[in-house]
Amino acid sequence: MRAAYIEKLGSPDVIQYGDVPPPSRGPREVIVDVAYSTVNHVDTFVRSGTYETRIPFPFVIGRDLVGTVAEAGPDVPGFREGDPVWCNSMGHDGRQGAAAERVAVDADRLYHLPVGADPVRSVAVLHPGATAYLALFTHGRLRAGESVVILGAAGNVGSAALVLAARAGARVVAVASAGDAERCRELGAAEVVDYRAADIPAMIRETLPNGADLHLDTSGGNDLETAVGLLARRGRAVLLAGAAARPVLPVGALYMADRSVRGFAISNATALELAEAADAVNGLLVDGALEPSAAEVVPLDRAAEAHRRLERGGVRGKLVLGVTP
């Protein structure tokens with residue numbers, strides 16, 4: 001079968017496109033014919049070795065997929081041949097990736113795609129949506145009536161977090177460009193602050209005089225002195241981007257107000273946590289509430305080019321790999 005794969009860690013140049021052996025179904029696995037995969041920043045971290053994980057070479061890259069069940073057995077009730085399905089946790093921890101014509105997926109990491117959901121637009125939001133859910137609720141412990149500040153609120157993860165937080169009854173202050181302000185409000189933001197403003201913290205404090213209950217910086221800047229200073233008593237800051245950042249930790253401001261900073265990577269999520277996030281994502285797919293700002297489909301044989309583009313920056317929305325001819 002055709003796949004995008006690597007035989008060593010490195011730059012996008014190590015990505016190859018060609019034939020690899022098709023997978024065989026193991027216990028509690030489902031064979032899936034892949035229609036679309038995606039390119040995420042975490043995929044570049046795995047490929048380069050920035051994120052250390054078990055990788056069996058040759059290694060198919062890619063985390064997300066939308067496709068149809070090709071083979072299931074009596075040990076995986078609930079899945080039948082032809083079922084539209086999705087997964088967002090391939091390509092790490094010893095599991096082969098999704099950028100191939102056919103993959104074997106653990107049944108507890110595979111979810112049904114809602115009827116009528118567009119496969120391209122769906123695959124573009126699976127990873128951001130699940131990441132946002134886990135950051136907000138599993139690690140951020142966000143509750144109805146609380147407030148949350150989201151930096152990078154117009155991005156893939158940021159916009160998903162905005163939708164999820166607003167729908168959960170939280171007050172959202174979005175930090176984004178002026179050009180994205182209208183979209184952020186449409187997604188549920190109570191206030192939008194221009195990220196180019198001279199004094200962003202002052203504008204946020206004016207909106208939230210008692211501080212924010214939760215702070216998410218999806219842009220990866222991780223200015224903890226500012227973030228912690230914006231938190232309410234017992235407020236939380238969840239770190240989910242910016243692997244190379246080395247911020248100052250304001251210890252006094254943390255412990256004197258019972259504030260906390262917590263790191264989070266979706267790669268560490270349990271199957272149970274991922275399934276909970278999947279339920280939330282599927283609900284938004286059914287409602288049409290979770291939509292990418294853009295989704296560009298590129299052929300699977302251009303996976304290396306897609307990785308280069310993502311690492312250079314400037315990609316708007318999501319790069320989707322078209323797997324099936």
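Helices are DSSP runs of H or I with at least four residues, and strands are runs of E with at least two, both numbered from the N terminus. Welcome to a predicted model, where local features need pLDDT of at least 70, side-chain atom pairs count only at pLDDT 80 or more, and totals for chains, interfaces and linings use all residues. Residues are numbered from 1 along each chain as its sequence is written, and side-chain values use heavy atoms, leaving out hydrogens and water.

**Helix packing**
- Helix α1 (residues 41-48) packs with helix α9 (residues 303-312) at about 110 degrees, their axes 10 Å apart; axes are lines fitted to C-alpha atoms over the stretch in contact, with angles from 0 to 180 degrees between N-to-C directions.
- This makes α1 roughly perpendicular to α9, a term for angles of 65 to 115 degrees.

**Salt bridges**
- The whole structure has 17 salt bridges, each a side-chain nitrogen of Lys or Arg within 4 Å of a carboxyl oxygen of Asp or Glu.
- One of them joins Arg 102 and Asp 33 (2.7 Å, N to O).
- Arg 102 sits in strand β7 (residues 102-106) and Asp 33 in strand β3 (residues 29-39), so the pair ties together parts 69 residues apart in sequence.

- Glu 146 is buried, at 8% relative accessible area, whereas Tyr 255 is exposed, at 56%.
- Buried means under 20%, exposed over 50%, and partly exposed in between (1.4 Å probe, protein chains only).

Definitions and conventions
Angles under 35 degrees count as roughly parallel, over 145 as roughly antiparallel, 65 to 115 as roughly perpendicular and the rest as oblique.
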